[in-house]
Amino acid sequence: MHPKNVWQAMARPGFVLSWWPWRAVAYLVSGAVTGSLVLVLVLLLAVTGVTLTLVLVGLPLLAALALAGIPVARVERLRLRIVEPGPVPDPHRTPVAPGLRAWLVVRLGERATWRELGHTLLFAGLLWPVDALVVGVGLLFPVSVMATPVLMATVGDGQEAKVLKQWTVTDWPTAFGCSIGGLALLALGLYVVGVVAGARAGLTRLLIAGRDVELGERVVELARSRVRLVDAFEAERRRIERDLHDGAQQRLVALSVTLGLARLDAPPGPLADQLAKAQEQAGSALEELRELIHGIHPQVLADYGLQAAVSDAADRSVVSVDVTGFDVPGRLPRAVESAAYFVVCEALANVDRHSGASRAEVAGGHRDGRLVVTVRDDGRGGADAGGGSGLTGLADRVSVLDGRLSLSSPPGGPTLLRVEIPCEWSRLTDRARGSA
């Protein structure tokens, strides 16, 4: 398994003989070069911005200074791949609207932008000199010591050589001893370079890569968008129900009446029989449409709330159902009411189709900021959420609202389905619904 970063490479034997020390050297050398250029850029923007601010026209340049960390951080994320080949996440959000103004509003409002500016100032003022110093001490000094015999032969005419401009070597055994010592110092220096490069990469990643704060903000935004999608979905369901109720259902009623009148006017015979058959088919289609409308969003749920809708579902169930202790103090959010209602309907349908139960019980209520609904039956048990009973879809629907669905169904029964959905209720909700 190949090392994923310089730290893992140093923990393995053969680090000095691998490419990793030279990757660390390349990272620090490129940091020294880039940092010096960043220092020039920051000084230029700062001096120009402060100067022009005195005549009230420097605000654009000060904004440019605030945004200067963005391109620097982009370059740094690319440089990080020298010692950390894995991708570095970009913490910036994508503006929802096109144009420079929207981009500026988003960037100036992000914490990542200001962290990147702080990194840029730290990079320009402190980090790049450290990079240059470490490369000089860890690499150039040992190489200079190793080159003592070469210096003695070329510069000192075989008589003497200056080691690091400090010590004079006057004989060849000492010169070759310095060369061997320089080789040992080089090995040690490569480890020092690796440690500093790893620390620098970790600090840079901490400052310019995505952090838990941005992740938390994105999770919050995801939760909000999920709520908006649920509300839009429920609104679309109600629109479809209204269109079917006021449009297709009324046309089928009118068609059935027209066929009935035509049947009365027609003489007995094949035509009257065909009209009677057509009227029966129209009546069947009307009944199926009413069931479909009721399944999409029942009117009793929209008009009277969850408690009345659950009682209606229990009355329509084939299996005898008792609704006990189901107490909801008013109206809950529409999405919560709809999800809880369809959980009850699907659970009762499963009781009828799969359980072989003679009785079922629905209970629940609103307690401690949560809507709790339980459906129990005295059937054979053995229900499986993955067995095609629709429980997986119900669990997904409840989870969209941060709810939880649990099932207890041992072989032989009984089966207990429990749903908990966090929601708040207040009398203001009722007043708002009443005035709508």
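## A hairpin to start from

In the hairpin that β6 and β7 form, six residues lie between the strands, and Gly-412 among the hairpin's residues adopts a positive phi near 95 degrees. Strands here, like helices, are DSSP runs numbered from the N terminus (E, at least two residues, for strands; H or I, at least four, for helices).

A word on the model itself: it is predicted, so local features need pLDDT of at least 70 and side-chain atom pairs count only at pLDDT 80 or more, while totals for chains, interfaces and linings use all residues. Residues are numbered from 1 along each chain as its sequence is written, and side-chain values use heavy atoms, with hydrogens and water left out.

## The chain as a whole

The protein chain has 15 helices and seven strands. Of its 436 residues, 39% count as buried; buried means under 20% relative accessible area, exposed means over 50%, and partly exposed is in between, with a 1.4 Å probe and protein chains only. Among contacts in the protein chain with a separation of 6 or more, 68% come from residues 24 or more positions apart, a contact being heavy atoms within 4.5 Å.

Now to the cysteines. A search of the whole structure finds zero disulfides, where a disulfide would be a pair of cysteine sulfur atoms within 2.5 Å. Cys-345 is partly exposed, at 21% relative accessible area, and Cys-423 is buried, at 7%.

## The five-stranded sheet

Five strands make an open sheet in the order β3-β4-β5-β7-β6, with mixed pairing. At the edges stand β3 (320-323) and β6 (404-408); each has a single partner strand, so one side of each is left without a neighbour in the sheet. On average, neighbouring strands of this sheet are turned by 15 degrees against each other, direction ignored.

Strand β5 (residues 370-377) runs antiparallel to β7, and eight bridges join them. Arg-370 has Pro-422 as its bridge partner in β7, and Leu-371 has Ile-421. Helix α13 (residues 334-355) packs on the sheet, where it touches β3, β4, β5 and β7, and its direction makes about 10 degrees with that of β5. Axes are lines fitted to C-alpha atoms, for helices over the stretch in contact, and angles run from 0 to 180 degrees between N-to-C directions. Helix α12 (residues 306-316) lies across β3, β4 (359-367) and β5, and runs at about 160 degrees to β3.

## Glu-420 in strand β7

Glu-420 belongs to strand β7 (residues 415-422) and is the β7 bridge partner of Arg-404. Is this glutamate buried or exposed? Glu-420 is buried, because its relative accessible area is 11%.

The Glu-420 side chain makes a polar contact of 3.2 Å with the side chain of Arg-370, and another of 2.9 Å joins it to the side chain of Arg-418. A polar contact is a pair of N or O atoms within 3.5 Å; within protein, one must be able to donate a hydrogen and the other to accept it, and residues adjacent in sequence count only if both atoms are side-chain atoms. Not counting residues up to four places away in sequence, Glu-420 touches Arg-370, Leu-371, Val-372, Val-398, Gly-403 and Arg-404.

The largest nonpolar core has 37 residues, of which Leu-306, Val-362 and Leu-371 touch the most other members. Such a core is a set of buried Ala, Val, Leu, Ile, Met, Phe, Trp, Tyr and Cys residues joined through side-chain atoms within 4.5 Å. Two or more residues each come from α11 (299-304), α12, α13, β4, β5, α14 (391-399) and β7. Helix α13 gives the most, with 11 residues.

Beyond four places in sequence, Leu-306 is in contact with Leu-301, Phe-326, Val-328, Glu-337, Ala-340, Tyr-341 and Leu-371. Apart from this core lies another, of 17 residues, including Val-25, Leu-80, Val-196 and Ala-209.

## Leu-39 in helix α2

Leu-39 is found in helix α2 (residues 20-53) and is partly exposed, with a relative accessible area of 27%. Setting aside neighbours within four places in sequence, Leu-39 is in contact with Ala-124 and Trp-128. Leu-39 and Thr-120 stand 81 residues apart in sequence, and their C-alpha atoms are 8.6 Å apart in space.

Terms used. Pairing = 2+ DSSP bridges.
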